[in-house]
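This report looks at how the parts of a protein model pack together.

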Protein chains: 2
Amino acid sequence: MTERSVLHEFSASGNCYKVRLTAALLGIPLERREYDIMKGETRTPEFLQNVNANGRIPVLQIGERFIPESNAACYYIADGSNLIPTERFDHADMLRWMFWEQYNHEPNVATLRFWMRWVGIDNLSELQRLQMTPKRTAGNAALRLMDDHLSGHEWFVGEVMSLADICLFAYTHVASDADFDLKSYPKVVEWIERIKGHPHYLAMDA
Amino acid sequence: MTERSVLHEFSASGNCYKVRLTAALLGIPLERREYDIMKGETRTPEFLQNVNANGRIPVLQIGERFIPESNAACYYIADGSNLIPTERFDHADMLRWMFWEQYNHEPNVATLRFWMRWVGIDNLSELQRLQMTPKRTAGNAALRLMDDHLSGHEWFVGEVMSLADICLFAYTHVASDADFDLKSYPKVVEWIERIKGHPHYLAMDA
């Protein structure tokens, strides 16, 4: 990319890590700007006005333009690379897994991780407390569906790693932060190791 | 598309309607197969085994292959058409709105609509009842963000209608089913009328 690229992020977020990992695997440099979401730094008038009216990170800045939504930011970075299949069905299938990640996986696995490790169980609202069990059930169902898929496939789409793998990897590989037991999903564990074995793999805390 | 295309759907679902509307706008024929989700017809062993292991509709069948997730199915149908911008930023920006729709709009506007019109308020669980107010707040925030964006733009991305508009339209134009007051969002109302004015517009109940 010829324009300056800045990732507006909270680096412990898996959604932000996805974008860094995509860039790292492709050897694309990204500037990073950190916000403390626990202090409301993504809800300031300046952030809402200039970066993302939705008050969330990550946001990928390209020159003077901004792309919110982690999976859209990953797509922008990887556009034209071998992380995005060009065959019509495989391309839609990649997007299928990326939409599934944001609808069925992230709101369960990532939200429990955030509540348990950042907010703290003792600080949860009554409503959040009531949601913990359904989110755990749904998170385990998501991991089960992934494990079942990976029983017949090395990667989520086609025969090579794609953005679908990267987007699903981000919160899956740290699911134990939310007390999910990855040992129950052995194909997921093998897939995690395959991704970690990529020569340009970047760890979440790197 | 040369292969037979079948939409596995529950026709009152906005997520299913998106796929029909995309096909209609492009003049692409779709076979339809209806499932009664209130009777669990998408959770049968046959459905889970043969159509979607995630137990949800819509699923777009192309020949013998299946694409779950409404926005991925819309993308497959529209791939290569003028509903998908080819410029790199605009393409990612379209995906941004489609991911935002599934994360910030659908779980609020669509879920409240489903609870109020299909499940029925009296049949909600304690947890669902507690979620109604936060979902209404978040649904109104989503409609507000759309209205603000449309104050400066006719369409969500660039200067023409794209899949972002279609995916956002599906549940927005029936938000009053969930007692959202669209009159509070006049730019959204104008945008709804622009979409309805398309020569190949297909109504939800058509």
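In this predicted model, helix α5 (residues 126–150) of chain B packs with α5(A) at an angle of about 125°, and their axes lie 10 Å apart. The crossing in which α5(A) passes α5(B) is left-handed. From α5(A) the contact takes A:Leu127, A:Leu130, A:Gln131 and A:Pro134, and from α5(B) it takes B:Leu127, B:Leu130, B:Gln131 and B:Pro134. Sorted by class, the residues in the contact of α5(A) with α5(B) are six nonpolar and two polar, with no charged residues.

In total, 29 residues of chain A are in contact with 29 residues of chain B. On the side of chain A that touches chain B, at least two residues each come from β4 (65–68), α3, α4 (88–119) and α5 (126–150) of chain A. Of these elements, α4(A) gives the most, with eleven residues. The side of chain A that touches chain B divides into 17 nonpolar, five polar and seven charged residues.

Within chain A, the domain assignment gives domain 1 (5–78) and domain 2 (88–196), and the centres of these two domains of chain A, taken over C-alpha atoms, are separated by 20 Å. Their contact takes eleven residues from domain 1 of chain A and ten residues from domain 2 of chain A. Both α1 and α3 (70–78) of chain A supply at least two residues each of the side of domain 1 of chain A that touches domain 2 of chain A, and the largest share of that side, six residues, comes from α1(A). By class, that side of domain 1 of chain A holds six nonpolar, four polar and one charged residues.

Helix α1 (residues 14–25) of chain A also packs with helix α6 (residues 163–172) of chain A, at an angle of about 140° and with their axes 8 Å apart, which makes α1(A) oblique to α6(A). Here α1(A) passes α6(A) in a right-handed crossing. The residues of α1(A) that meet α6(A) are A:Gly14, A:Asn15, A:Tyr17, A:Lys18, A:Leu21 and A:Thr22, and their counterparts in α6(A) are A:Leu163, A:Ile166, A:Cys167, A:Ala170 and A:Tyr171. The contact of α1(A) with α6(A) comprises seven nonpolar, three polar and one charged residues.

| Helix pair | Angle | Axes apart |
|---|---|---|
| α5(A) and α5(B) | about 125° | 10 Å |
| α1(A) and α6(A) | about 140° | 8 Å |

Some local backbone features remain to be described. In chain B, helix α4 (residues 88–119) bends by about 55° at B:Glu106, and the proline B:Pro107 follows within four residues. After α4(B) comes B:Gly120, whose phi is positive, near 95°.

A cis peptide bond joins A:Ile57 and A:Pro58, with omega about 5°, and A:Pro58 is found in the loop between α2 (45–50) and β3 (59–62) of chain A. In chain B, the peptide bond from B:Ile57 to B:Pro58 is cis, with omega near 5°, and B:Pro58 lies in the loop between α2 (45–50) and β3 (59–62) of chain B. Finally, A:Glu69, in the loop between β4 and α3 of chain A, has a phi near 75°, a positive value in a residue other than glycine.

Note on methods. Residues numbered from 1 in each chain as written. Chains lettered and ligands numbered in written order. Predicted model: local features only at pLDDT ≥ 70, side-chain atom pairs only at ≥ 80, totals over all residues. Axes fitted to C-alpha atoms, helices over the stretch in contact; angles between N-to-C directions. Parallel < 35°, antiparallel > 145°, perpendicular 65-115°, else oblique. Left-handed = near helix turned anticlockwise from the far one by under 90°. Contact = placed C-beta atoms within 7 Å. Nonpolar A, V, L, I, M, F, W, Y, C, P; charged D, E, K, R; others polar. Bend = angle between axes of the 7 residues up to and from the residue. Domains from an automatic or database assignment.
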